[in-house]
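Q: I have a new model open and would like to learn how to read it feature by feature. Could you walk me through it?

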Amino acid sequence: MSIEKIKVHAETYFTEVVEKGSDQQLFIAGYLHGHFSLVLATIVQQDIQSTEQFKAILLASLDKAFAQKELDEQDQVETKTLVEQLFSVNAALL
């Protein structure tokens, strides 16, 4: 699984949520999309090729935001669940 596949899968998901998702799905996807985009730009700039590092940096970014109480607990869980879905091998094969 490559970073490019994850990027394409995530962008497809984010677009579909805008078109078909619930308000909650749209909120979570929008929140994650911001972190995802910033982390993606960072890893490209640093020439990081590892999907594991990408995911670790993304989760660290989210943890930092969550520590500042950016989201309530349920939204945090949903955001991290979405990260797991976007980085799963099965999802990346779609």
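This is a predicted model: local features need pLDDT of at least 70, side-chain atom pairs count only at pLDDT 80 or more; totals for chains, interfaces and linings use all residues.

Q: Which residues is Leu59 in contact with, leaving aside its neighbours within four places in sequence?
A: Skipping the sequence neighbours lets you see what the fold brings together. For Leu59, the partners are Lys80, Val83 and Glu84.

Q: What is the separation between the C-alpha atoms of Thr15 and Lys55?
A: Those two are 40 residues apart along the chain, and their C-alpha atoms are separated by 20 Å. Thr15 itself is in helix H1.

Q: Is Thr15 buried, exposed or partly exposed?
A: Here you read the relative accessible area, where under 20% is buried and over 50% is exposed. Thr15 has 41% relative accessibility, so it counts as partly exposed.

Q: And His35: buried or exposed?
A: His35 is buried, because its relative accessible area is 13%. This histidine is found in helix H2, which covers residues 23-45. Not counting residues up to four places away in sequence, His35 touches Leu58, Ser61, Leu62, Ala65 and Glu70.

Q: How do I read the way two helices pack, say H2 and H3? At what angle do their axes cross?
A: Start with the axes, then the angle, then the handedness. The axes of H2 and H3 come within 10 Å and cross at roughly 130 degrees, so the two helices are oblique to each other. Their crossing is right-handed.

Q: Which residues of H2 and H3 meet?
A: On the H2 side you will find Tyr31, Leu32, His35, Phe36, Val39, Leu40 and Ile43, and they meet Phe54, Ile57, Leu58, Ser61, Leu62, Ala65 and Phe66 in H3. Sorted by class, this contact has twelve nonpolar, two polar and no charged residues.

Q: How are H1 and H2 arranged: roughly parallel or roughly antiparallel?
A: The axes of H1 (residues 3-20) and H2 come within 10 Å and cross at roughly 155 degrees. An angle over 145 degrees counts as roughly antiparallel, and therefore H1 and H2 are roughly antiparallel to each other. This crossing is left-handed. The residues in the contact of H1 with H2 divide into 13 nonpolar, two polar and two charged.

Q: What about H2 and H4: at what angle do they cross?
A: Their axes come within 10 Å and cross at roughly 65 degrees, which means H2 is roughly perpendicular to H4. H2 passes H4 in a right-handed crossing. The contact of H2 with H4 has ten nonpolar, two polar and two charged residues.

Q: Which residues does Phe54 contact, leaving aside neighbours within four places in sequence?
A: Phe54 is in contact with Ile3, Ile6, Phe36, Val39, Leu40, Ile43 and Phe87.

Q: Where do Asp47 and Lys69 lie?
A: Asp47 is in the loop between H2 and H3, and Lys69 is in the loop between H3 and H4. Asp47 is exposed, with a relative accessible area of 57%. Lys69 counts as exposed too, at 70% relative accessibility.

Terms used: Residues are numbered from 1 along each chain as its sequence is written. Side-chain values use heavy atoms; hydrogens and water are left out. Helices (H or I, at least four residues) and strands (E, at least two) are DSSP runs, numbered from the N terminus. Buried means under 20% relative accessible area, exposed over 50%, partly exposed in between (1.4 Å probe, protein chains only). Contact means heavy atoms within 4.5 Å. Axes are lines fitted to C-alpha atoms, for helices over the stretch in contact, and angles run from 0 to 180 degrees between N-to-C directions. Angles under 35 degrees count as roughly parallel, over 145 as roughly antiparallel, 65 to 115 as roughly perpendicular and the rest as oblique. A crossing is left-handed if the near helix is turned anticlockwise from the far one by less than a right angle, and right-handed if clockwise. Ala, Val, Leu, Ile, Met, Phe, Trp, Tyr, Cys and Pro count as nonpolar, Asp, Glu, Lys and Arg as charged, and the others, Gly among them, as polar.
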